[in-house]
Amino acid sequence: MAIKIILLVVFFAAMIGIGIYSRAKAKNVTDYVLGGRTVGPWISAFAFGTSYFSSVVFIGYAGQFGWKFGLASTWIGLGNAFIGSLLAWLVLGRRTRLMTQQLDAKTMPEYFGKRFNSKSLRVAGSIIAFIFLVPYTAGVYNGLSKLFGMAFSIDYKICVIIMAVLTGAYVVIGGYMATALNDFVQGIIMLIGICAIIFAVLNGQGGFLNAVKELSLIETDPAVTTAALADSHGLFASFFGPDPMSLLGVVVLTSLGTWGLPQMVHKFYAIKDEKAVKTGTVVSTFFAIIIAGGCYFLGGFGRLFGNQPGIIEILEDGTQKVNFDSIVPSMLSTLPDMLIGIVVVLVFSASMSTLSSLVLTSSSTLTLDLIKPLLKKDMEEKTQVRIMQAFVIIFIIISVVIAFNPPMFIAQLMGVSWGALAGAFLAPFMYGLYSKKITKAAVWASYIIGVGFTIVNIVHPIIKSPINAGAATMIAGLIIVPIISLITPKPKADDVDKIFECYDQKVTVPETENLGGN
């Protein structure tokens, strides 16, 4: 216990210290929200990766999908790395940085408002972002508290409160730069920790090959197996697992979803220069392969721990229910104290980085895109920063209240949040970076589809899985936005041309970056 407490105290002190150090760099709105658009490559890459992967992935997703798909769940991690990280940086990174600077947009709703010349789009976007970032934040709190309960045997609510206070402290004090610097430190901890944990867990099962052998002997579970594979054996150790189509849905949601999440895309706004884009692309992809690939790979062995107390619950009617959120904590509970301490710091690092990004995004969105536009006179920079700091605290309080009594498993909380946000924002944001023909009506259509279908599916499930429902809203948006843009009035050509001038500016580069000789 002493080892675990010491590790946490050192970690907490470092976070608060970074927050205080960053205070001097958060005096105005641009500095507080974007770090002055001067964030370098490694910090940008780690900020993206650590915001991507939190206790939701490590505890919720790795446990649930490792149980359902076995070792095939590793595909989810690889999808996160190559679609959610590599392609996101290649497709969105450079253009997002250029256009948001051209528009002087600091948030995603502000981008929509200025790109499509619509205050109503901006206000609606801010409301959507705030509402649907809350369940994601609650899921992060829930995941970390499960691990804290295992490691320290303390009350769930105390864990949530400690985490909320620490997150609020360094985000309020230091803004984006404090978040980004802490992300870098937390990312290094995550890389070291996940490797050590995988080795220790597999070693406890007699090594990798023996663990795979034991997994292959587990009988097929009809509850998670597609009908075509119902009579197969060894599915949990197979290449595509017992239900390849559901696996694909999870890959789409957790990988493509990052392209439309405000707290993820926000990282591209703050990139310093071209070098930061190139290096950040490589580093964030490597980070995702290790962290996401490692988490889902580890979760794939979850069924080997099915006899651990707390995983299988017997209901009053005699039926069995799997407590997915307890799988990974149960896997880790048998580790030595030193490793459990590392695990706690690892998941705390992942969760704090995601939470800080979520609360900063929500507070800046509400302040800049809802409060400020509604006021008739200009608001001073200092006042805007103070309001954002107040909303950081309010957002955390709301999330804590939900986390005290979460309505569903962690994975489902994240599915609802990502489905609504990415379903509403992904298509118009991406198309808006590339095409001059995307219309205001198409953006509204995407908002309505993303949010409307998510809400309807919660009340009257059309698609039973929130994960698959979220993936469906994203794909629907990608189809609907260009179709609506074809049949609705186009924006003024002169206005759009002016926005796209940022891509046409001529620059001089060294010959080493001009292989064509032109």
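Buried residues here have under 20% relative accessible area, exposed ones over 50%, and partly exposed ones fall in between, using a 1.4 Å probe and protein chains only.

## Ground rules

This is a predicted model, where local features need pLDDT of at least 70 and side-chain atom pairs count only at pLDDT 80 or more, while totals for chains, interfaces and linings use all residues. Residues are numbered from 1 along each chain as its sequence is written, and side-chain values use heavy atoms, with hydrogens and water left out.

## The loop between α6 and α7

Helices are DSSP runs (H or I, at least four residues; strands would be E, at least two), numbered from the N terminus. Asn117 sits in the loop between α6 and α7, and at a relative accessible area of 64% Asn117 is exposed. Asn117 also has a positive phi, about 55°, without being a glycine. For background, most residues other than glycine have a negative phi.

Ser118 is in that loop too, between α6 (108-115) and α7 (119-152). Here the relative accessible area is 5%, so Ser118 is buried. Its side chain makes a polar contact with the side chain of Ser120 at 3.0 Å. A polar contact means a pair of N or O atoms within 3.5 Å; within protein, one must be able to donate a hydrogen and the other to accept it, and residues adjacent in sequence count only if both atoms are side-chain atoms. Once residues up to four places away in sequence are set aside, Ser118 touches Gly113 and Lys440, where contact means heavy atoms within 4.5 Å.

## Another positive phi

Asp104 is a residue other than glycine with a positive phi, near 55°. You'll find Asp104 in the loop between α5 and α6. Its relative accessibility is 41%, so Asp104 counts as partly exposed.

## How α5 meets α12

Helix α5 (residues 74-103) packs against helix α12 (residues 274-299) at an angle of about 165°, and their axes are 7 Å apart. That makes the two helices, α5 and α12, roughly antiparallel. Axes are lines fitted to C-alpha atoms, for helices over the stretch in contact, and angles run from 0 to 180 degrees between N-to-C directions. Angles over 145 degrees count as roughly antiparallel, under 35 as roughly parallel, 65 to 115 as roughly perpendicular, and the rest as oblique.

By class, the α5 and α12 contact has 13 nonpolar, nine polar and two charged residues. Nonpolar covers Ala, Val, Leu, Ile, Met, Phe, Trp, Tyr, Cys and Pro; charged covers Asp, Glu, Lys and Arg; the others, Gly among them, are polar.

Ala292 belongs to helix α12, and at 0% relative accessibility Ala292 counts as buried. Not counting residues up to four places away in sequence, Ala292 touches Phe53, Gly77, Asn80 and Phe287.

Gln389 lies in helix α15 (residues 381-404) and is buried at 13% relative accessibility. Leaving out neighbours within four places in sequence, Gln389 is in contact with Tyr32 and Val172. The C-alpha atoms of Gln389 and Ala169 are separated by 9.8 Å, although these residues are 220 apart along the chain.

Ser485 is part of helix α18 (residues 466-487), and with 3% relative accessibility Ser485 is buried. Beyond its neighbours within four places in sequence, Ser485 contacts Lys437, Ile438, Thr439, Ala442 and Lys490.
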